[in-house]
Amino acid sequence: MPAPKKILIDCDPGIDDALAITLAHGCPALDLVGITTVGGNVSLELTTLNALRLREFLGFPSVPVVAGSPGALVASRIDAAEVHGFGGLGAAVLPEPRLPVGDGHAVDFIVDTLAASPGEISLVAVGPLTNIALAVRREPRIMEWARDFTILGGSYTRGNRTPAAEFNIAADPEAAAIVFGAGWTVNQIGLDVSLTALANGPILERMRGLGRLGGELLIPSLEFYGMTTAHDGPAVHDALAVAFVADPTLFEFTPGVVDVETAGRFTSGMTVIDFNLRGRVPNANVARRIDVKRFWDLTLESFAEVADRLP
């Protein structure tokens, strides 16, 4: 077996962030080396608290959790509490954490962690891109130090925060513009793909058999999420970005040039994607398809690994 891939997750937990973290912890192909938080789905205080709760509930106490930016670089802060619940994890109620948040700021942690292991760590961002933009500005070499960089964000057909814009990009369009324009190749997984991987009835039934993990986290969070996001079951957006690091063959990608609209009256936060490169060098590999069955097999097997270790 190859050595597990190291993964650092920047996130705003959030129900789908919680599933992404659970997948990263349980997947034998991955080694979770850190979690950084950003204000997004709920406030920074709550996203950080949720990350700390998840760390202790899921059982990875030695993994650092470091708080980052509370809001966008320029835009007014928005949230998605109406989707994730005012606490951020839907109807799931996890024990209060005993271990503290890590010292310092997420931006410094991202830079220092990648610098210490150049070429070894996959950087994954599944919230607003504020921390990543600030990290790139502080130390552009992180683009070389990261093994690869994957986001859950944007789309080439639709939005969910607005008709044009997906939430993670809409929450900080200026940061997203910095990240896509920085000079690296972003692996972009957007709504076009994430809305095809739904936690439908049969999937939820499989989760119900996962003991405390299913009963205390997965089912109460996803059933709450499902009431607001989908008729056929909720999408588990952020988990797809982690799944890509674990098994890139799950996806089909097309190179493209991604520009982020920051000034449009109706389109701020829109990712404008040109697959007809028109002589330009692509700045992203854009996901066009996922093998949904294999994704769920990987995810549920990883969840089962976590469930088996819970008391």
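How many cavities of 30 Å³ or more does the structure hold?

Modeller: This is a predicted model, and the structure holds one cavity of 30 Å³ or more. Rolling a probe the size of a water molecule over the atoms shows where empty space is left. The volume of the largest cavity is about 40 Å³. Its lining includes Gly 39, Gly 40, Gly 71 and Ala 72. Arg 77, Ile 78, Pro 128 and Thr 130 also line the largest cavity, as do Ala 171 and Asp 172.

There are pockets to consider as well. The second largest pocket has a volume of about 210 Å³. Its lining is made up of 16 residues, and those nearest its centre are Glu 56, Phe 57, Leu 58, Pro 95 and Arg 98. Helix α2, residues 44-58, gives the largest share of that lining, with five residues.

Next comes the sheet. Nine strands form an open sheet with mixed pairing, in the order β3-β2-β1-β4-β5-β6-β9-β7-β8. Its edge strands are β3 (65-67) and β8, each of which pairs on one side only. On average, neighbouring strands of this sheet are turned by 30° against each other, direction ignored. Helix α1, residues 15-26, packs on the sheet and touches β1 (5-11) and β2 (30-37). The direction of helix α1 makes about 165° with that of β1.

Further along the order, strand β4 (residues 121-125) pairs with strand β5 (residues 146-152) in the parallel sense, over five bridges. In this pair, Ser 122 of β4 stands opposite Asp 148 in β5. Helix α8, residues 173-180, lies across β5, β6 (186-189), β7 and β9. Helix α8 runs at about 115° to β7.

Strand β7 has two antiparallel partners to describe. Six bridges join β7 (residues 251-260) to β9 (residues 284-290), and the two strands run antiparallel. Here Thr 254 stands opposite Val 286 in β9. Four bridges join β7 to β8 (residues 271-274), again with the strands antiparallel. Val 257 stands opposite Asp 274 in β8. As a general point, side chains in a regular strand alternate between the two faces of the sheet.

Two helix residues complete the picture. His 237 belongs to helix α12, residues 237-246. With a relative accessible area of 9%, His 237 counts as buried, because that value is under 20%. Leaving aside neighbours within four places in sequence, His 237 is in contact with Asp 16, Leu 152, Leu 191, Ser 194, Leu 195 and Tyr 225. The side chains of His 237 and Ser 194 make a polar contact at 2.7 Å. His 237 and Ser 221 are 16 residues apart along the chain, and their C-alpha atoms are separated by 14 Å.

Lys 293 is found in helix α13, residues 292-309. Its relative accessible area is 60%, so Lys 293 is exposed, the cut-off being over 50%.

Conventions:
Residues numbered from 1 in each chain as written. Predicted model: local features only at pLDDT ≥ 70, side-chain atom pairs only at ≥ 80, totals over all residues. Heavy atoms only, no water. Pairing = 2+ DSSP bridges. Buried < 20%, exposed > 50% of the residue type's maximum accessible area, 1.4 Å probe, protein only. Contact = heavy atoms within 4.5 Å. Polar contact = N/O pair within 3.5 Å; in protein donor to acceptor, adjacent residues only side chain to side chain. Axes fitted to C-alpha atoms, helices over the stretch in contact; angles between N-to-C directions. 1 Å grid on protein atoms, 1.4 Å probe; cavity = no way out; pocket = protein on both sides within 12 Å on 5 of 7 lines; lining within 4 Å. Points joined across faces, edges and corners; volume = space filled by probe spheres on them.
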